[in-house]
Amino acid sequence: MFHSPPDIMFSAIPIIFFVIFFLVLGTIIFGIVKSIGQWRYNNSQPKLTVSAKVTSKRTHTSSSIQHNAGDMGMHHVESTSYYITFEVESGDRMEFRVDGREFGLIADNDLGKLCFQGTRFLSFVRYKSSPADGDSK
């Protein structure tokens, strides 16, 4: 009885599928482990409050198309991330991701007290007047 050699295309597809599957799974697991590590790092850091000046603000908008399995439709989804850069008295600059409400309340060149923990933004309280006047809050 004569057997034809297996078609290389049909034998390669399962291998390619599993390679892609494990690459995607590995990427997801790596992201989760990295997020947990960052969370643990921030929790181990002291909460610091320092005088700071807002030097810049920026946004990052990302978009994607999501498929709905129920109605077989698609819709466009956008999300915006907000970032503020602070300069502390030593001249060092730090950028923090903030929520939209904080982003709207803080303006460029604001002076105040920045509270943070590791890479986690906690709060920013503006001075009522110039800190040189001695009436800081």
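Two strands pair if DSSP finds at least two bridges between them. I kept that rule at hand while going through this predicted model.

**Entry 1: the sheet**

I traced the strand order. Five strands form an open sheet, running β3-β2-β1-β4-β5. The pairing is antiparallel. I then asked which strands stand at the edges. They are β3 and β5, each with a single partner strand, so one side of each has no neighbour in the sheet. I also looked up the twist, which averages 35 degrees from one strand to the next.

**Entry 2: the pairings**

I started with β1 and β2. They pair in the antiparallel sense over 15 bridges. Within β2, Tyr83 is the residue opposite Arg58.

Next I took β1 with β4. This antiparallel pair has seven bridges. Val50 stands opposite Leu114 in β4.

Then I went to the β2 and β3 pair. Six bridges join these antiparallel strands. Here I found Thr85 opposite Glu95 in β3.

As background, strands of a sheet pair through backbone hydrogen bonds, either parallel or antiparallel.

**Entry 3: the core**

I turned to the largest nonpolar core, which has 13 residues. Which of them touch the most other members? I noted Ile84, Phe86, Leu114, Phe121 and Phe124. Where does the core come from in the fold? At least two residues each are supplied by β1 (47–67), β2 (74–88), β3 (93–98), β4 (111–117) and β5 (120–126). β2 gives the most, with three residues. In soluble globular proteins, nonpolar side chains tend to be buried together.

**Entry 4: Phe86**

**Entry 5: Glu102**

I checked a charged residue next. Glu102 lies in helix α2, residues 100–105. Is Glu102 buried or exposed? Glu102 is buried, yet has no salt bridge. The nearest side chain of opposite charge belongs to Arg101, 4.6 Å away.

What does Glu102 contact, leaving aside its neighbours within four places in sequence? I found Ile84 and Phe121. Both names were already in my core entry, among the residues that touch the most other members.

Conventions
Residues numbered from 1 in each chain as written. Predicted model: local features only at pLDDT ≥ 70, side-chain atom pairs only at ≥ 80, totals over all residues. Heavy atoms only, no water. Core = buried A, V, L, I, M, F, W, Y, C linked by side-chain atoms within 4.5 Å. Buried < 20%, exposed > 50% of the residue type's maximum accessible area, 1.4 Å probe, protein only. Helix = DSSP H or I, 4+ residues; strand = E, 2+ residues; numbered from the N terminus. Lys, Arg positive; Asp, Glu negative; His and termini not counted. Salt bridge = Lys/Arg side-chain N within 4 Å of Asp/Glu carboxyl O. Contact = heavy atoms within 4.5 Å. Axes fitted to C-alpha atoms, helices over the stretch in contact; angles between N-to-C directions.
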